[in-house]
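Here are a few exercises to work through with the model open in your viewer. Try each task before reading its solution.

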Amino acid sequence: MKQPTKGSKSYLFSIVMVAVLGGLLFGYDTAVISGAEKGLQAFFLGATDFDYSDFLHGFTSSSALIGCIIGSALSGILASNLGRKKSLVIAGILFFLSAWGSMYPEMFLFDRGVPVFELLVVFNIYRIIGGIGVGLASAICPMYIGEIAPYKIRGMLVSWNQFAIIFGQLVVYFVNFMILGEHTQPIIESIGEGMNRLVADSDPWTIQVGWRYMFGSEMIPAALFTLLICFVPESPRYLVSVTKFDKAHNVLARINGSHAADIIIQQIKDTMHVKTEKLFTYGWMCIFVGIMLSVFQQAVGINAVLYYAPRIFADMGMDNPMQVTVFTGIVNIIFTLVAVFTVEKLGRRPLLITGSIGMAIGALGVAVTFGNPALSMVCMASIMVYSASFMFSWGPICWVLIAEVFPNTIRGAAVAIAVAFQWIFNFIVSSSFVPLFNMHITEGDHFGHWFTYGMYGVICILAALFVWRLVPETKGKTLEDMTELWKNRMNK
């Protein structure tokens with residue numbers, strides 16, 4: 001078959017747009033619980049065979065994170081043995097099954113609408129299945145885009161994955177709002193000792209039906225992603241690793257042109273003498289840098305803003321915290337686009353360092369002003385600075401670096417380890433925020449608010465120092481250049 005002499009940008013962008021649907025599903029699946037959790041809680045409060053406590057509800061609301069850790073840990077094995085494309089098909093199927101099962105957990109086993117403990121277990125299994133899909137997509141989507149994209153625009157294209165994640169979260173907020181319509185969320189009141197009860201005049205539709213539609217709505221984008229991913233090519237780096245050189249060349253030629261494909265295919269072969277190498281072949285620092293990029297992305301505390309923004313703004317005395325939260329989401333989208341369009345001009349390191357400093361200023365601003373009514377607008381502006389700084393730096397750029405910083409022969413395993421640490425620290429930050437935020441030394445003080453954001457500010461400064469001292473700049477480098485880069489670092 002005659003190879004094209006020039007690459008096709010439209011072909012490349014169509015592939016990337018399909019791949020970033022995995023990022024959209026990542027954001028959709030992790031955020032769908034925000035609108036559904038009250039209806040779900042009210043449904044299980046009606047159980048007669050067990051008491052649905054705050055602890056059980058907290059576990060049920062976050063059980064998908066267990067799947068995320070499992071999925072990210074498995075991603076390296078699947079990506080290296082089945083390929084990037086087949087692994088993403090598996091992720092799409094898991095997304096679909098999770099959405100279907102979460103919507104109708106009773107199917108084949110239980111009476112519909114009758115809450116029992118066994119049904120709660122099955123529901124959580126479906127949510128964990130979806131989490132495994134998220135874990136796979138979170139590792140493999142940026143890896144796939146990074147491996148298929150030309151090096152001159154690789155950072156920009158991988159950054160679109162982060163945009164898709166944030167956009168997926170906004171989409172599901174809007175979908176949940178549309179599903180709720182004129183209905184109202186259940187009214188739940190505490191009766192002490194971690195127990196609650198449902199107020200009698202709560203809307204029955206929301207309790208029996210509403211949350212099901214919210215979870216089920218994910219079936220549409222999941223089915224679309226699973227179908228479309230079947231039509232994209234396999235990663236040329238993976239094809240070379242399994243000695244399918246002609247197929248790899250065909251893909252590279254359609255993207256870059258036949259002459260450039262000849263050069264790239266030889267570069268890939270030169271760094272793949274064997275299919276895989278031991279994880280620490282290029283030294284422990286290579287793996288450490290990848291892990292710490294993931295750790296810092298979560299340890300800077302961004303999920304304390306993204307997950308608990310309404311609670312934070314309500315504690316600040318805002319009249320309409322949800323409205324402010326939506327505005328924050330729009331700001332996040334805008335600043336993610338800043339990263340998309342500047343990452344190839346400014347480089348990875350400058351964006352990370354600048355973003356770390358901006359986040360430190362924002363977090364410390366919150367720590368100093370929180371609880372002072374006269375400074376409430378300064379406090380809100382500080383949260384905006386904090387969130388926006390993350391969105392043009394650690395949000396997208398961490399994924400870019402994880403996708404491109406590892407040598408070809410260890411990329412699958414190394415990315416899996418790095419992303420698993422990301423989900424572990426996501427869970428740590430998310431689960432520790434509320435108890436830290438609510439700490440008091442004396443009755444009514446704001447010690448927990450000051451301490452929590454002060455700690456995040458210090459971690460942001462440490463993140464800037466880490467990038468300055470240890471993270472290599474990958475702007476303008478091919479994926480094959482990473483082999484030589486880490487060999488040189490080992491020899492110093």
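The exercises below go from the whole chain to single residues, and the model they use is a predicted one.

**Exercise 1. Work out whether the overall dimensions of the protein agree with those of a compact globule.**

Step 1: For 492 residues, a compact globule would have a radius of gyration near 23 Å.

Step 2: Compare it with the model. The protein has 23 Å, so the two agree.

Step 3: Along the principal axes, the C-alpha trace spans about 70 × 55 × 35 Å.

**Exercise 2. Describe the secondary structure, burial and contact pattern of the protein.**

Step 1: Count the elements. There are 22 helices and two strands.

Step 2: Look at burial. Of the 492 residues, 57% are buried.

Step 3: Consider contacts between residues at least 6 apart in sequence. Of these, 82% join residues at least 24 apart.

**Exercise 3. Find the residues that touch the most other members of the largest nonpolar core, and the element with the largest share of this core.**

Step 1: In soluble globular proteins, nonpolar side chains tend to be buried together.

Step 2: The largest nonpolar core holds 138 residues, and L293, W394, F406 and F466 touch the most other members. The largest share of this core comes from α6, with 15 residues.

Step 3: Zoom in on W394. Beyond four places in sequence, its contacts include L293, F296, M359, F466 and V467. Q297 and S356 are also among the residues that W394 touches.

**Exercise 4. Is E147 buried or exposed, and which side chain makes a polar contact with its side chain?**

Step 1: Locate the residue. E147 belongs to helix α6, residues 117–148.

Step 2: Check accessibility. The cut-off for buried is under 20% relative accessible area. E147 has 0% relative accessibility and therefore counts as buried.

Step 3: List the surroundings. Leaving out residues up to four places away in sequence, E147 touches R84, S235, P236, R237, Y238, R411 and L479.

Step 4: Identify the partner. The side chains of E147 and R84 make a polar contact at 2.7 Å.

Technical notes
Residues numbered from 1 in each chain as written. Predicted model: local features only at pLDDT ≥ 70, side-chain atom pairs only at ≥ 80, totals over all residues. Heavy atoms only, no water. Helix = DSSP H or I, 4+ residues; strand = E, 2+ residues; numbered from the N terminus. Buried < 20%, exposed > 50% of the residue type's maximum accessible area, 1.4 Å probe, protein only. Contact = heavy atoms within 4.5 Å. Polar contact = N/O pair within 3.5 Å; in protein donor to acceptor, adjacent residues only side chain to side chain. Core = buried A, V, L, I, M, F, W, Y, C linked by side-chain atoms within 4.5 Å. Rg over C-alpha atoms; globule rule 2.2 N^0.38 Å.
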